[in-house]
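Subject: Structure for you to look at

Dear colleague,

I am passing on the structure that I promised you, and I would be glad if you could read the notes under it with the model open beside them.

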Amino acid sequence: MNASKKLNMTQPSVTRIIKELEIYMGMPLFDRTNSGVFLNRAGNIFHSRVLSYINGMQKSISEIRKEFGKDNQKFSLGYSSLVGYTIFPEVINEFKKNNQNVAVHIYEGQLSSLLPLLSTGDIDCAIGTLLNDELPYEYSAEKLFQSRFSVFSSALNPFARVKSIAELKSAKWVLPETSLGYYYNLNTFLKDHGIDVDSAIRTDSISSILNLVTCANYVTVLASPMGEGRNKKLSLHEIAIEEKMPVADYYFVWEKKSISSDLLDKFMAIIKDRCSVSAWGK
């Protein structure tokens, strides 16, 4: 009954369609019990394949409409906090100067949370950290820049003047939540220096990290340029530890199956040019 209501069809019509489908498939797709009707194993496999096909069709229609139809004046991207707090204002100003009628949609987060948006077509590209050979096959990536990272606290944090990571064992830590890229690799580095990363607060929100660091005496690891230059307003204090933190490689990522987009090509050209003249805290 619920299925017929959702489909805006009568119950006999739904039953007839299911019966015809099972005859065509040559096997039952449902288990019929006293408690209801449920997809069996064959039905679940068929459902997942059809759903994947439908999602692919919807994405293809969206891409074609965006490139050739009414929606061709929309561009969406995702990036990590470093990009947002450094080069993005100049990049987007240049992009909008020559594409004034384009609606730009922005998503901020770690690359692990942006890849699903790429696969569904919700964003055209993403920028974030990657390790060697960890990107799924369906995506293309081009390295943009490399940046060093630092441990940060507030200037008044009791740990603000320590000289080694070992002295931060009892500090309160907040770290970005991610399943790939630099921060995933960083866990090993911190563990090797005695930090209990399992008890750290995890979040994909840079504003939450900054609030905990500046207002609640937490320490964190961020790209070094986050605390430099114009970003001094963030009130981040770089702890001068003696250990050298691992550097991170940042990549421009897009889906291989996506239709070639003029807007994507233009944006990529701008950001590559801007990255080539930035220091990135090396």
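The notes below take up a helix, some aromatic rings and a tyrosine in turn.

Please keep in mind throughout that this is a predicted model.

In helix 5, which spans residues 88-98, the buried residues include Phe 88, Val 91, Ile 92 and Phe 95, and because these cover an arc of only 90 degrees around the axis, they lie on the same side of the helix. That buried side packs against strand 3 (74-79), helix 4 (81-85), strand 4 (103-108) and helix 9 (262-275), whereas the face turned away from it carries the exposed residues Asn 93, Lys 97 and Asn 98. Phe 95 also belongs to a cluster that ring pairs form with Phe 75, Phe 252, Trp 254 and Phe 267.

A search of the whole structure gives 10 aromatic pairs. One of them joins Phe 149 and Tyr 183, whose ring centres are 5.7 Å apart and whose planes meet at 75 degrees, so the pair is edge-to-face; Phe 149 sits in strand 7 and Tyr 183 in helix 7, 34 residues apart. Phe 149 has a relative accessible area of 3%, under the 20% cut-off, and therefore counts as buried.

Phe 149 is also among the residues that Tyr 250 touches, together with Ser 80, Leu 82 and Phe 145.

Conventions. Residues numbered from 1 in each chain as written. Predicted model: local features only at pLDDT ≥ 70, side-chain atom pairs only at ≥ 80, totals over all residues. Heavy atoms only, no water. Contact = heavy atoms within 4.5 Å. Buried < 20%, exposed > 50% of the residue type's maximum accessible area, 1.4 Å probe, protein only. Helix = DSSP H or I, 4+ residues; strand = E, 2+ residues; numbered from the N terminus. Arc of directions from axis to C-beta. Phe/Tyr/Trp six-rings, centres within 6.5 Å; stacked < 30°, edge-to-face > 60°. Lists of a residue's contacts leave out its neighbours within four places in sequence.
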